[in-house]
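Q: Please take a close look at one part of this model, the later part of the chain. Describe how that part is placed against the rest, and go down to single residues where that helps.

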Amino acid sequence: MDTFADEFRAGLIRKIGVRISAKQDALLKAEQEVAKLRTEYEQLQKTETRLNSEECPPLVCPSCFYERHTSSPLRAIPFRTENVDLFECKTCEHQWQQPE
Ligand SMILES: [Zn+2]
């Protein structure tokens, strides 16, 4: 003869696998988000360190140097107007205008 405890146990056994699976999925998703945030955080720290300790060399893309931690050379873009020196990054294609 089943007791209420037996019925409860049997019901819980039927549901527990679904609940465990849902929690595993949630944990995996949270761990992936934490890993992503940790990577972004470490990149920002690296960028801050470089901003405070190094100067970008001449004719190197400042965006790649400070934000991507690489040294990508700039190439001169032929004059479209006189008095303006334009450069383009070979990697990110950002265009830079020499300040006057
Ligand atoms: Zn660049």
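A: The centres of domain 1 and domain 2, taken over C-alpha atoms, are separated by 44 Å. Domain 1 covers 1-53 and domain 2 covers 56-100, with bounds that come from an automatic or database domain assignment. The model is a predicted one, in which local features need pLDDT of at least 70 and side-chain atom pairs count only at pLDDT 80 or more, while totals for chains, interfaces and linings use all residues. Residue numbers start from 1 along each chain as its sequence is written.

The overall dimensions come next. Along the principal axes, the C-alpha atoms of the protein chain fill a box of roughly 95 × 30 × 20 Å. The radius of gyration of the protein chain is 28 Å, whereas a compact globule of 100 residues would have one near 13 Å; the radius is taken over C-alpha atoms, and the globule rule is 2.2 Å times the number of residues to the power 0.38. Of the 100 residues, 4% count as buried. Here buried stands for 20 or more other C-beta atoms within 10 Å of a residue's own, exposed for 12 or fewer, and partly exposed for the range in between, with C-beta atoms placed from the backbone. Among contacts between residues at least 6 apart in sequence, 18% join residues at least 24 apart; a contact requires C-beta atoms, placed from the backbone, to lie within 7 Å.

The protein chain has two helices and three strands, which run α-α-β-β-β from the N terminus on. These elements are DSSP runs numbered from the N terminus: helices are H or I with at least four residues, and strands are E with at least two. Helix α1 spans 4-53 and helix α2 spans 62-67, with C56 in the loop between them.

R50 is placed in helix α1. R50 counts as partly exposed because it has 15 C-beta neighbours inside 10 Å. Leaving aside residues up to four places away in sequence, R50 touches Y66 and H69. R50 and F65 are 15 residues apart along the chain, and 8.6 Å separate their C-alpha atoms.

C56 also has 15 C-beta neighbours inside 10 Å and therefore counts as partly exposed. Its contacts, again not counting residues up to four places away in sequence, are P62, F65 and Y66. From C56 to Q97 the separation is 41 residues in sequence and 15 Å in space, C-alpha to C-alpha.

H69 lies in the loop between α2 and β1. This residue has 12 C-beta neighbours inside 10 Å, so it counts as exposed. Its phi is near 60°, a positive value in a residue other than glycine. Most residues other than glycine have a negative phi.

Three strands form an open sheet in the order β1-β2-β3, and the pairing is antiparallel. β1 (74-77) and β3 (95-97) are the edge strands, each pairing on one side only. Neighbouring strands are turned by 35° against each other on average, direction ignored; the axes are lines fitted to C-alpha atoms, for helices over the stretch in contact, and angles run from 0 to 180 degrees between N-to-C directions. Two strands are taken to pair if DSSP finds at least two bridges between them. Strands of a sheet pair through backbone hydrogen bonds, either parallel or antiparallel.

Four bridges pair β1 with β2 in the antiparallel sense; L74 has C89 in β2 as its bridge partner. In β3, Q97 is the bridge partner of L86, while Q95 is the bridge partner of E88.

β2 and β3 form a hairpin with five residues between them. E93 is found in the loop between these two strands, and its phi is positive, about 65°, although E93 is not a glycine. E93 counts as exposed because it has 8 C-beta neighbours inside 10 Å.

Notes
Two residues are in contact if their C-beta atoms, placed from the backbone, lie within 7 Å.
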